[in-house]
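Please read this briefing on a predicted model alongside the sequence and the coordinates.

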Amino acid sequence: MVERLKEAVKDEDLVARFGGDEFAILQTDVTDPTMAGALAAKIGKLLATPFTIEGHQVRITSSIGIVLFTPDLAGPEAMMVQADLALYGAKDEGRNCYRFHSLDLDQQVHERVTIAEELRLALEDGDLELYYQPQVELATGRIIGVEALIRWNHKTRGLLAPACFIPIAERTGAVLPLGQWVIDEACRQLKLWHLEGIAPPTVAVNVSSVQFKGASELERDVEESLARAGVEAGELELELAESVLMEATQKHSETLQELPRLGVRIAIDDFGTGYSSLKYLTVYPVNRLKLAQELVFRVTVDYRNAAVVRAAIRLAHELGIEVIAEGVETEAQVRFLIAAGCEQAQGFYFSRPVTAARVAELLREGRIEPVSRRARPLTSTAA
Ligand code: C2E
Ligand code: MG
Ligand code: MG
């Protein structure tokens, strides 16, 4: 593959591999955009010729995004973001094609670059905040943990949800300092709750795949934050997406062996979305499966979702792994989950993610009465 790419470019052009199936080419001396288009077309053709690997014919397709350097571009980072957007444009149009960064894309780019820059400042200015969503034991309503979810108190745009900035932070690398801050802040908060005597058994934080790839930094961040706050490793849970673990399994990553050695818990976020290999469950010490919202949402309306959720709960039980249902919104879902043997849940039905101050009130009570019971207080107190 690299051979073919090198064959396509001139000696003075730069070919780089970003990992996986992502490559970049820096083409120099381009006087006309069509030159870049011509190179992309040539690469597309070269890569489309079948490869012979161990006697098998393998065909691949390629998508190419092109950005032209102009002096008003903010720098290499801005250029990469634009190339990326063009690449996604190319992918949307179907495989085996190339696409230029367009005016329309340009607007999106502008927003992204601004957000990436503002995000760095937000970290320094303390404009990021962790909200917490309680996790509840279904049988008793006891709060058995909280998940930290980041929010951005943006100076002009108000409160921003992670979907507005985490993907951009991941693409620009800003997610690394951000992720470090999240771990540190969650540990600090946990310590405060300890001092008040209301600490939940676990605090969970979301870890992006980008953080996970910088394995040794992640380990170091976690260790330092735990030590700084003076909380036990077993109280901290790292939530990893299924896809991250799949990849780690393929690469025989040592991070996943190391993290539990530190004593922190590992949870699989959004379990049941997209990936079918369950091998990682046999390889890595996972403490908890989080059944994806998309599955839980439909358990009472679609028998297939119900079957998948029941099977996942059984699987977790057989492996001796805890299981929690995410995105629980209705009493019907709670009934279904209890009947299916699920012991834990998290969702708007119990509480939305709330500020540290508000969740502290809930922690002081220690339990969240299911809405159905809360709805009948008059009769029950009268009785
Ligand atoms: P997630 O980790 O799967 O978090 C659950 C998301 O579902 C949260 O959205 C939460 O507010 C929402 N949710 C909880 N219960 C319900 C419910 O009953 N119904 C519905 N419709 N939604 C519910 P949020 O806070 O917007 O976060 C979205 C995603 O952003 C998270 O998904 C997580 O992947 C990511 N994220 C959040 N905080 C961080 C962070 O600190 N670092 C990183 N890397 N990612 C984060
Ligand atoms: Mg999560
Ligand atoms: Mg989730």
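The C-alpha centres of domain 1 and domain 2 are 37 Å apart, and these domains span 2-101 and 118-373 of the protein chain, with bounds that come from an automatic or database domain assignment. This is a predicted model, in which local features need pLDDT of at least 70 and side-chain atom pairs count only at pLDDT 80 or more, whereas totals for chains, interfaces and linings use all residues. Residues are numbered from 1 along each chain as its sequence is written, chains are lettered from A and ligands numbered from 1 in the order in which they are written, and side-chain values use heavy atoms, with hydrogens and water left out.

**Ligand 1**

- Ligand 1 is surrounded by 21 residues, of which R151, N206, D269, E329 and F348 are the closest; a residue counts here if one of its heavy atoms lies within 4 Å.
- Among the polar contacts (pairs of N or O atoms within 3.5 Å), a polar side-chain atom of R151 is 2.8 Å from an oxygen atom of ligand 1, and a side-chain N or O atom of E326 is 3.2 Å from an oxygen atom of ligand 1.
- Of the 800 Å² of accessible area that ligand 1 has on its own, the protein covers 80%, as computed by the Shrake-Rupley method with a 1.4 Å probe.
- β8 (143-154) and β12 (265-271) are the elements that give two or more residues to this shell, and the largest share, four residues, comes from β8; strands are DSSP runs of E of at least two residues, and helices are runs of H or I of at least four.

**Second largest pocket**

- The second largest pocket has a volume of about 1200 Å³, that is, the space filled by probe spheres set on its grid points; a pocket is an open set of points on a 1 Å grid where a 1.4 Å probe fits, with protein on both sides within 12 Å along at least five of seven lines, and lining residues have an atom within 4 Å of a point.
- Of its 43 lining residues, F23, A24, I25, I64 and G65 are the closest to the centre.
- With seven residues, α3 gives the most to this lining.

Terms used: Polar contact = N/O pair within 3.5 Å; in protein donor to acceptor, adjacent residues only side chain to side chain.
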